[in-house]
Amino acid sequence: MEYFINCNSSTLAPYTTPLDELRAAHLYRRLGFSASIQTINAAVGQTAGTLVDNLVNQALALPPIPAPLWADWTNADYPADDDLARQVRRAQQEEFSIAYGNSLLDNNLRDRMSFFWSNHFVTELDVYDCSSFLYYYINCLQRNALGNFRTFVSEIGLTSAMLYYLDGVRNRGNNPNENYGRELYELFTLGEGNGYTEEDIVETAKALSGYTNRGEEGCTQVTFDPDDFNTENKTILGQTGNWGYDDVHNILFTERVNEIAGFICKKLYEFFVHPDSTNDQGGNAPDIINGLAQTFVSNNFEIAPVLSQLFKSQHFFDETAIGVIIKSPFDLYMGLIKETGFTYDDSTVINVIDASRMIGQTMFDPFDVAGWQRDREWINTNFMIGRWLTSEVFVDRFYQANPDQFRTFGIAATPAGAAEQDPAVVTRAIVDRLLPKGLLTDADYDQAITVFREPYENTGTYETNSWDMTLENAPTQVYLLFLHLVREPEFQLK
């Protein structure tokens, strides 16, 4: 697949032209997991300013997933038999996976962001294996997804999922464990080697000590034990005192303001705009990141104003920013569900989670502490074939469940609707709804048109102008076109 060089020279100035279909779809593909034809049509003609304000406000107002019945279970609540206990845990985790999968489909920006942060503040369920820890971890991500980053960093470090995953439960004052202190700087706030020393990590570990469990308690929420806290003076980022947990965050967000802002805004830029933020091919990504970082700092590390500025900008809507990110597995399947408006249920959500795992993205279990590396890492020979085959399976299941929804989609995608009698027009309309910038060449479109025409070829239907989308085999035509498109390179992009 062609590697896209970032030569976007547009600025953070507001994009004031009313949105066309291309840019409305672009916004929804990046800001959420895409949207239906009806949602995108409703966005056409709106200004980015109005639409983004509405979407950000919706995200800020959404409540997190309600607490399940087992939210506060400890090991004492599970069956004594180990096999039975494992079965109950598995059932709980599947139940919560479905709930979170539905949140990703339903909640646009809020859960696009909570999922983004799960790959930033990484934990792995298969390491801590506790349903209640999982619930409170995702709850923290959802509550803070667009909130205050400083508060977020402080709260995430005290989730039991994180304390177990990065060994905070083993961080005792007389025997500090440096794992969390290292990742706090390297992965969560500053970036590798950016503004801290090895000595800062050692001293920070001492200050973070005391949130300990003795291991045998297992699935019990971690609390502070003053007996395990290091009471010596510590020197962190040049500041000396008998620092504790809150002090670490106060010092970090006072002494390293610009480093934090630059690191986080670069990561947001690469996730939402373009994976290449550093090249010098005439693009001004570094200037954009600096502008976002200034907004982050001037808003006291509130995340929402940064996203608002980015999503309203000329830079975000520039032609060169559209269709240049490789879809993650969840993007691949959830985008298909959202864009088609096809009927789905919890079993579909389970299928999405299972298929995503097969091609490299396991919900609640990023690859390692550094997270999924995204973009080109999603594409290799095995994963590519897996992406094609699983996408075809989803299309086929939708068709078996209700062929007529393919006709409905084709009519909705076409400007003249059911009145359109030219199969080439319908084909192009469907292609342009499903692919961020359509197909690359006229020959590619011709091939797609040939696939679409096939059920009525050599019947005289086209020659007598008696074809339209109300005919019996029209759903099959759309279905065949879908099967063709999910193998096209452009389908892998958003």
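Contact here means heavy atoms within 4.5 Å. With that in mind, and remembering that this is a predicted model, select Met113 and display its surroundings: leaving aside residues up to four places away in sequence, Met113 touches Ala145, Leu146, Leu268, Phe272, Ile303 and Leu307.

Now turn to the cysteines. A search of the whole structure finds one disulfide, and selecting Cys130 and Cys219 brings up that bond, with an S to S distance of 1.8 Å. Because the torsion about the S-S bond is about 75°, the disulfide of Cys130 and Cys219 is right-handed. Trace the chain on either side: Cys130 sits in the loop between helix 6 (125-128) and helix 7 (131-144), while Cys219 sits in the loop between strand 1 (211-212) and strand 2 (223-224), so the pair ties together parts that are 89 residues apart in sequence. Both Cys130 and Cys219 are buried.

Move on to Cys140, which is in no disulfide, the nearest cysteine sulfur being that of Cys130, 16 Å away. Cys140 counts as buried because its relative accessibility is 1%, where the cut-off is under 20%.

Finish at Cys265, likewise in no disulfide, with the sulfur of Cys140 as the nearest cysteine sulfur at 20 Å. Cys265 is buried, and its relative accessible area is 0%.

Methods. Residues are numbered from 1 along each chain as its sequence is written. This is a predicted model: local features need pLDDT of at least 70, side-chain atom pairs count only at pLDDT 80 or more; totals for chains, interfaces and linings use all residues. Side-chain values use heavy atoms; hydrogens and water are left out. A disulfide is a pair of cysteine sulfur atoms within 2.5 Å. Helices (H or I, at least four residues) and strands (E, at least two) are DSSP runs, numbered from the N terminus. Buried means under 20% relative accessible area, exposed over 50%, partly exposed in between (1.4 Å probe, protein chains only).
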